[in-house]
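This report describes the fold and selected contacts of one protein model. Please view the sequence and the coordinates alongside the text.

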Amino acid sequence: LMLEMYVFTEKLGMEYKLSSQQTILHPDYPDIWAGSVDTSRKDVVSDIKCPFTMLSFVQMVSGGTIEAMRENSSSGEDYYWQGVSNACITGINEVEIIVYCPYKSEIESIKSFAEAYGLKWVSYANEYDLPWIHDGGEFKDINKIRFTVPQADKDLLTDRVKEAGKLLTPLT
């Protein structure tokens, strides 16, 4: 969460609105379907991902498409369906997964940012305890993977949520 906040405050433009602490209820199924979107704009819902390892970062961003992420990353399917869910809840058809890994030159800034949030352990970490990429290397620190959610996937997820909702016991 701290690194996601860093990305939002230090790396993204003013067109993004922070909404990660807000729970959004699905307008048609508010009793069984809710979610939260890290950031949003008028035309796209975004989720910020900050992988813990270099391997997971590379697997997520290699190829630069949602199809490649779904195929290469062990979390790709989960992130895809999270995006589909957020699209259904918000009524926005475009999803953007923002994948971040800091440049080596940003590590000290991140340590200071973390300390301000009370995460002192980060400030004690050495440069090899935290994932980072080379400045000017093959990969960029911010990678935006944007896709349009197919209506068929929205319908599939909606049907599954409705079926799951039938199994829930109402609170009394």
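## Overall dimensions and fold

The protein chain has an accessible surface of about 9,900 Å², and 54% of this belongs to carbon and sulfur atoms; areas come from the Shrake-Rupley method with a 1.4 Å probe, and for residues only the protein chains shown count as cover. This is a predicted model, in which local features need pLDDT of at least 70 and side-chain atom pairs count only at pLDDT 80 or more, while totals for chains, interfaces and linings use all residues. Residues are numbered from 1 along each chain as its sequence is written, and side-chain values use heavy atoms, with hydrogens and water left out.

Along its principal axes, the C-alpha trace of the protein chain spans about 50 × 40 × 30 Å. Of its 172 residues, 44% count as buried (buried is under 20% relative accessible area, exposed is over 50%, and partly exposed is in between, with a 1.4 Å probe and protein chains only). Among contacts between residues at least 6 apart in sequence, 73% join residues at least 24 apart, where contact means heavy atoms within 4.5 Å.

The secondary structure comes to 7 helices and 7 strands. Helices (H or I, at least four residues) and strands (E, at least two) are DSSP runs, numbered from the N terminus. Read from the N terminus, the elements follow the order α-β-β-β-β-β-α-α-α-β-α-α-β-α.

## The sheet

An open sheet is formed by 5 strands in the order β1-β4-β5-β6-β7, with mixed pairing. The edges are held by β1 (17-18) and β7 (142-148), each with a single partner strand, so one side of each is left without a neighbour in the sheet. Two strands pair if DSSP finds at least two bridges between them.

| Strand pair | Sense | Bridges | A residue and its partner |
|---|---|---|---|
| β4 and β5 | antiparallel | 2 bridges | Thr-39 and Ser-46 |

A hairpin joins β4 to β5 through 4 residues. Lys-42 is found in the loop between these two strands. With a relative accessible area of 83%, Lys-42 is exposed. The C-alpha atoms of Lys-42 and Ile-92 are separated by 8.2 Å, although the two are 50 residues apart along the chain.

Not counting residues up to four places away in sequence, Asp-47 touches Asp-38, Gln-82, Glu-96, Ile-97 and Ile-98.

Helix α1 (residues 2-11) lies across β1, β4 (39-40), β5, β6 and β7, and runs at about 105° to β6. Helix α4 packs on the sheet as well, touching β5, β6 and β7, and its direction makes about 150° with that of β5. Axes are lines fitted to C-alpha atoms, for helices over the stretch in contact, and angles run from 0 to 180 degrees between N-to-C directions.

The axes of α4 (residues 76-90) and α7 (residues 151-166) come within 10 Å and cross at roughly 85°. That makes α4 roughly perpendicular to α7 (angles under 35 degrees count as roughly parallel, over 145 as roughly antiparallel, 65 to 115 as roughly perpendicular and the rest as oblique). On the α4 side, Tyr-80, Trp-81, Val-84, Ser-85 and Cys-88 meet Asp-153, Lys-154, Leu-156, Leu-157 and Thr-158 in α7. By class, this contact has 6 nonpolar, 2 polar and 2 charged residues. Ala, Val, Leu, Ile, Met, Phe, Trp, Tyr, Cys and Pro count as nonpolar, Asp, Glu, Lys and Arg as charged, and the others, Gly among them, as polar.

## A residue in α5

Glu-115 is placed in helix α5 (residues 107-116). Its relative accessible area of 37% makes Glu-115 partly exposed. Leaving aside neighbours within four places in sequence, Glu-115 is in contact with Lys-120 and Ser-123.
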